[in-house]
Amino acid sequence: METDPLNPSSDRDSPGGDNARNFDVVLERLITASGATSETDFGKKLGIKQPSIAAARRRGAIPPNWVVAIARAYGFSADWLLFGEGPMRRGESKTPVISSTLLPDGTQIDFVSLKIAITRLDSNNELVIGKYWPWELYSRKYLMELGDPDSMVFIPISGDAMLPAFKDRQFVIIDTSQIDIEPDKIYAVGVDGFVLIRIVRIAPGKLILDGYNCKTLEVNPGDIKILGLVVRPTMEKESAV
């Protein structure tokens, strides 16, 4: 039976027992969800002192108010925070877990698949997203370090504009939840019904779309749509959706 991280059994486990491992797994999810870089940083975000974290670890129980605080502040599902089950964020569909592996310390690593989008937008100027690509798997934990796995899709590069960084027909992963422009980062951009992968820069009253092997394009912000941040390259083989 899985230990409830809020109410462990009255029989105290040893420091290396199931309660201790479960506590550390849940705490790691809370730290990741909060965007903290360490337990100390996590404590600062929630106003928790290190002795309180140490005391909770000794009990092998996560205080419920920690979970509530993270769920409310960052929009995460309490079920996912506590048990790693269901959608990561409230109201979202979880990417399917294709396979899992159990590390010697008891940590479970889930590998997930992403869907593929095509380089044309639909009539509503939205991405057209097709089937899952189950032959290209990533650790969910790794994808969480890049952004929100449930908002990520594969999309192919079209053309040579981003050479030498990205080749024609090579796939990249974009996170559709990251649409706020940060200068000089690479985004999937909707332009005239097509998806371009470009470096986006902000200028007074306009946006600059640039590549490593193409002409610079100046556009009005209302004439394009930021579809998502490119978080990493992936396959070079193109696939039909």
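## Exercises on side-chain pairing and burial

The side chains of E39 and R57 form a salt bridge, with 2.6 Å from N to O. This is a predicted model, in which local features need pLDDT of at least 70, side-chain atom pairs count only at pLDDT 80 or more, and totals for chains, interfaces and linings use all residues. Residues are numbered from 1 along each chain as its sequence is written, and side-chain values use heavy atoms, with hydrogens and water left out.

### Exercise 1

Solution. Start with the rule: a salt bridge is a side-chain nitrogen of Lys or Arg within 4 Å of a carboxyl oxygen of Asp or Glu. Next, locate the partners. E39 lies in helix α2 (residues 39-46) and R57 in helix α3 (residues 50-59), so the pair ties together parts that are 18 residues apart in sequence. Helices are DSSP runs of H or I with at least four residues, strands are runs of E with at least two, and both are numbered from the N terminus. Then check exposure. Buried means under 20% relative accessible area, exposed over 50%, and partly exposed in between (1.4 Å probe, protein chains only). E39 is partly exposed at 25%. R57 is partly exposed at 28%.

### Exercise 2

Which residues does the salt-bridge network join?

Solution. First take the count: nine salt bridges. One of them pairs K185 with E182 at 3.2 Å, N to O. K185 is partly exposed, with a relative accessible area of 34%, and E182 is partly exposed at 40%. Another pairs R201 with D210 at 2.9 Å, N to O. Here R201 is partly exposed at 29%, whereas D210 is buried at 14%. Now look for shared partners: they join D24, E39 and R57 into one network.

### Exercise 3

Solution. R29 is buried, with a relative accessible area of 16%. List its contacts (heavy atoms within 4.5 Å). Not counting residues up to four places away in sequence, R29 touches W80, L81, L82, F83 and G84. Then examine W80. R29 lies over the face of W80, at 6.0 Å from the ring centre. The rule asks for NZ of Lys or CZ of Arg within 6 Å of the ring centre and within 35 degrees of the ring normal.

### Exercise 4

How are the rings of Y138 and F154 arranged: stacked, edge-to-face or tilted?

Solution. The whole structure holds four aromatic pairs. The centres of Y138 and F154 are 6.4 Å apart and their planes lie at 55°, so the pair is tilted. Rings of Phe, Tyr and Trp (its six-membered ring) pair if their centres lie within 6.5 Å; planes under 30 degrees apart count as stacked, over 60 as edge-to-face and the rest as tilted. Y138 sits in strand β5 (residues 138-139) and F154 in strand β6 (residues 152-156), so the pair ties together parts 16 residues apart in sequence. Both Y138 and F154 are buried. Ring pairs link Y138, F154 and F171 into a cluster.

### Exercise 5

Which residues of helix α4 are buried, and which exposed residues does the face turned away carry?

Solution. In α4 (residues 64-74) the buried residues are W66, V67, I70 and A71. Seen down the axis, these fall within an arc of 125°, so they line one face of the helix. The arc is that of the directions from the helix axis to the C-beta atoms. The face turned away from the buried side carries the exposed residues N65, R72 and A73. Finish just after α4, where G75 takes a positive phi of about 75°.
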